[in-house]
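Subject: A structure for you to look at

Hi there,

Here is the structure I promised to pass on to you. Have a look at it first, and then read my notes below.

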Amino acid sequence: MASPLVPEPDWVRVRASGKINLALRVGGVRPSGYHPLATVFQSVSLFDEIAVRWAAPGRFSVSVQGEQADLVPTDETNLAVRAARLLAEHYGPGRLGADITIRKTIPVAGGMAGGSADAAGALLACSVLWDLDTTPDELRTLGAMLGADVPFQLMGGTALGTGRGDELMPVLSRGSYHWVLALSEDELSTPEVFRRFDELTPDAPDELAMPTDVMNALVAGDAPGLGAALINDLEPAAATLRPGLLRILQTGRELGALGAIVSGAGPTCAFLAVNEAAAVDLSVRLSSEGMCRAIRRVTGPVPGARLIN
Ligand code: C5P
């Protein structure tokens, strides 16, 4: 792992992972603007690091470094700042403040819940920094107020998400899975992908079937079965907004991936490999195709947001 972002002892540091959706079933939009989901999340070993230290009461600052740092807002809209403020309002209004530093490797607006990982990291780091007596459940409840993916980013591992994706149940998963990620040059807006889904799928159901094929493959540790069962209802919407995605998915399949899927709302694409050697081979071959910004090899499941000091 890279050297610590901020080695000073007055900083509390958290590592938060990215996620992919192994199944993402989407229902018809609700009056709230949200869509009911039946999704299986898996945390993968691509990490942002979030460090926090005390600041004057009411002061919340953030600086961002690492990959695509220039794409992350550093004002009040930053999700880590919003998370720290929300926690402070609940547990010590007017008394608490934090300087936040984020080092990014999770793609920005890439469909891997990087912003939600930073929010989860800030919630956990600030609760330790400020010595708050929060339970994981309380942090998850606050997290859900910040974004549908934040509760899973706190929890990590493998989980079934229903409701807006924020009602979680752990999923039994045997073994470790080897993924190759194709990171895109540009971003995709999640609300825009959901709007395109609405246009393409006017008859999306209210009730969603559970993704049992994916869950059965996970419990059996069956990588080929998982590869065949991967499903993302947002993929057609993401692909009409970024037509190049279908070619990337097809190329990965032709190069031997067990399965290929757009991650969440995209544009990151995830390819499942049969083992580590196959993942190395696939990543080299995909790299040489020159179709994306970067290729990363990751494994999952890994934990969600965790302290690292
Ligand atoms: O909850 P979060 O802020 O991460 O969601 C971003 C956007 O994604 C929402 O504003 C909404 O447009 C869309 N979304 C949705 N249904 C969900 C989750 C997200 O429509 N279950």
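Let's begin with a pair of helices. Helix α2 (residues 114–129) and helix α3 (residues 136–146) have axes that come within 10 Å and cross at roughly 140°. Axes here are lines fitted to C-alpha atoms, for helices over the stretch in contact, and angles run from 0 to 180 degrees between N-to-C directions. Helices are DSSP runs (H or I, at least four residues), numbered from the N terminus. The two helices α2 and α3 are therefore oblique to each other; angles under 35 degrees count as roughly parallel, over 145 as roughly antiparallel, 65 to 115 as roughly perpendicular and the rest as oblique.

A note on the background: this is a predicted model, where local features need pLDDT of at least 70, side-chain atom pairs count only at pLDDT 80 or more, and totals for chains, interfaces and linings use all residues. Residues are numbered from 1 along each chain as its sequence is written, and side-chain values use heavy atoms, with hydrogens and water left out.

Which residues of α2 and α3 meet? From α2 they are Ala119, Leu123, Leu124 and Ser127, and from α3 they are Leu139, Gly143 and Leu146. Contact means heavy atoms within 4.5 Å. By class, this contact of α2 with α3 has five nonpolar, two polar and no charged residues (Ala, Val, Leu, Ile, Met, Phe, Trp, Tyr, Cys and Pro count as nonpolar, Asp, Glu, Lys and Arg as charged, and the others, Gly among them, as polar).

Buried means under 20% relative accessible area, exposed over 50%, and partly exposed in between (1.4 Å probe, protein chains only). Leaving aside neighbours within four places in sequence, Ser127 is in contact with Leu87, Leu132, Thr134 and Leu139.

Now for α1 (residues 79–91): its axis and that of α3 come within 10 Å and cross at roughly 130°. That makes α1 oblique to α3. Among the α1 residues in the contact are Leu86, Leu87 and Tyr91, and α3 residues there include Leu139 and Met145. The residues of this contact of α1 with α3 divide into nine nonpolar, one polar and two charged.

Last, the cysteines. The structure holds zero disulfides, a disulfide being a pair of cysteine sulfur atoms within 2.5 Å. For Cys269, the nearest cysteine sulfur, that of Cys292, is 7.9 Å away. Cys269 is buried, with a relative accessible area of 0%.

Enjoy exploring!
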